[in-house]
Structures are given as C-alpha cells and as structure tokens.
Amino acid sequence: MTSPILVTGGTGTLGRLVVARLRDAGRDVRVLSRSARVAPAGVELVNGDLTTGEGIDAAVDGVDVIVHCAGGPKGDDDKARHLVRAASKASSPHLVYISVVGADRVPVVGRIDRAMFGYFASKRAAELVVAGSGLPFTTLRATQFHELILIVARAMAKRPVIPAPAGFRFQPIDADEVAARLVELALGRPAGLVPDLGGPRIYPLTDLIRSYLQATGKRRPIVRVRMPGGAAAAIRNGSNLTPDRAVGRTTWEEFLADRLASSPTAPATGPRRLPEE
Ligand SMILES: NC(=O)c1ccc[n+]([C@@H]2O[C@H](COP(=O)([O-])OP(=O)(O)OC[C@H]3O[C@@H](n4cnc5c(N)ncnc54)[C@H](OP(=O)(O)O)[C@@H]3O)[C@@H](O)[C@H]2O)c1
C-alpha cells in the first residue's frame, strides 16, 4: 500500500484538477481544507488552516509527497512556514510548490506596490521558505490561469467604464495543463526550481477584456490608467511573462468559447466569433 499524497488547496481551481489527476494515476489522495466537509469519492479530507497552523500535523502525517496548492492574495509565506514546520517534524516528504512567474522579478517595495502587488512578494517569500526548508522540494512557476483572467474580466465588465492598467500584458494558461505538470513533478524525483510554465500566447490586458466583452455581447469603453510604482513598471516590462516557455496549448479564445458556451452569461446565440488578437 502506498502512502497518500497530500494536496493542500485541493478544493481550489488548480488543486481540484490535481486531485482528479492523482486519482486517475491510481494514487491515494488526502486533501487539506479549512472548511470543506465532504470530499470526492476515494479522497480523504483533513480540516486545517495553514494560516494558523491548526490541523496541519494531522494533514502531513504519513505522507511522502505534498502538492502545496493552497494560496490566496496574501500570506502565502506564513502558510508555507506552517506547512514546512509540520512536514519537517513528520516524514520529510517531497514538497511540490506552485508559484507564479515573476515572483522573483516583480519588486514589491513601497506602499503602493504592497497594496496592489503584495501577492508576488508573498509567493517569492514562500518559495524561499520551501527552498530553505531542508525538505526535498520542487517548485514550479506558472503564469495566470484562464479562470483568473475571466474573474478579472467579469468584475471589470460590471463597471460602466473599465479602467485598465496601461501596458499590462498576460500569458494565460489552462489550469489543467498546470495540474498535469504538477502531477508529473509530484510523481517524479525532487527537482528544485524547474522551468516556468506559460500559456501559448501573450495578450495586452485590454485585448483580453475586449474579447470577453465581445464574447458576452457587452459594450464598455476601456480607459487606460497608468499605474504608479515599481511593481507596475516591472509588469509593463513583462516580468510576469515567460515568452521562452510558452508551452501551454489551450488558448484564451478556446477557453473563453468553451466556458461561455455553458455559462448563463453567454449571449442567447452562443459565443460569438472572437477577434484575432
Ligand atoms: N490563479 C492563478 O492565476 C495562479 C497563477 C500562478 C500560480 N497560482 C498559485 O496556484 C495556487 C492555486 O491557485 P488557485 O487559483 O487554484 O486558488 P483558489 O481557487 O483560490 O483556491 C485556493 C485554495 O487554497 C486553500 N486555502 C486558502 N487559504 C488556506 C489556508 N489558510 N489554509 C488551508 N487552505 C487554504 C483553499 O481551500 P479551502 O477554502 O477549502 O480552505 C482553496 O482550496 C495558489 O498558490 C496560487 O498562488 C495561481
């Protein structure tokens, strides 16, 4: 009998896909969640909170591999610290961590940087916690998932006028392609920091929003806003992109057409033809 693989964040966008793929690979899976009460068939559920450390000893007990997908807009360094502390006391499992492209290149220095882009600093700090833990580890940096871009586009489209940070570009990737790579890494040997995973194309943010508006039959003016601060400057310079690692296959247009076809917000006639951006 093999020991279960712990997936933190196994209830989230990425983690759910990782869990499904590990199950397909025939592995026993344990999921850590703060509040979930029901797990999918064949999955063990442990409740705990990585921010407080509560329940984490039980979550890591007897696992050889942890896929650490739990995360949020802030505090991922503290989450990593609690996880590492518990794992180091247990069986020193292989810790597989998902970070973000640009974690090491988007400087978060001043007040504005911290308020708007603190996420990058907390991912970088978490990377360092993982790398300095003494545990065998693998860290993968990915670009933004399609789902996140969709959430942003939906939120922006609720405004009568859309303010879009000038010069921002994104390279969205399919979350299931990230999950597939994470599972491959989790079932392999610890590899340290591995090459980035980026989506197949790079788009100006304004184009991503426009294609969403067009696909949902909405009309909104977009106003470009210049964001202050060093982190925003780094993003304008493409520090959140990985053009040499554009290895993802599913495009934003394919994702959007597929998602909107099954969404109540899609136009009655179904998704419209998306622009060639
Ligand atoms: N989304 C992106 O574009 C993107 C890009 C690159 C990297 N990443 C990284 O990929 C990971 C997953 O992202 P996602 O978009 O799938 O996230 P998500 O859908 O927001 O899910 C977050 C997960 O983290 C868990 N979680 C949050 N705080 C926790 C805590 N204090 N203790 C225990 N569990 C906690 C949640 O579980 P419960 O609510 O059940 O407790 C949930 O399963 C994150 O580390 C993120 O930084 C994301």
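Biologist: Which of the 26 residues around the ligand come nearest?

Modeller: This is a predicted model, in which local features need pLDDT of at least 70 and side-chain atom pairs count only at pLDDT 80 or more, while totals for chains, interfaces and linings use all residues. Residues are numbered from 1 along each chain as its sequence is written, and side-chain values use heavy atoms, with hydrogens and water left out. A residue is near a molecule if one of its heavy atoms lies within 4 Å of it. Among the 26 residues around the ligand, T11, S33, Y119, K123 and F145 come nearest.

Biologist: Which polar side-chain atom lies 2.6 Å from an oxygen atom of the ligand?

Modeller: A polar contact is a pair of N or O atoms within 3.5 Å. Here the polar side-chain atom belongs to T11, while an N or O atom in the side chain of Y119 is 2.7 Å from a ligand oxygen, and a polar backbone atom of G12 is 3.0 Å from a ligand oxygen. The ligand taken alone exposes 900 Å², of which the protein buries 85%, with accessible areas taken from the Shrake-Rupley method with a 1.4 Å probe.

Biologist: How do the residues of the shell around the ligand divide?

Modeller: Ala, Val, Leu, Ile, Met, Phe, Trp, Tyr, Cys and Pro count as nonpolar, Asp, Glu, Lys and Arg as charged, and the others, Gly among them, as polar. In this shell there are 10 nonpolar, 11 polar and 5 charged residues.

Methods:
Polar contact = N/O pair within 3.5 Å; in protein donor to acceptor, adjacent residues only side chain to side chain.
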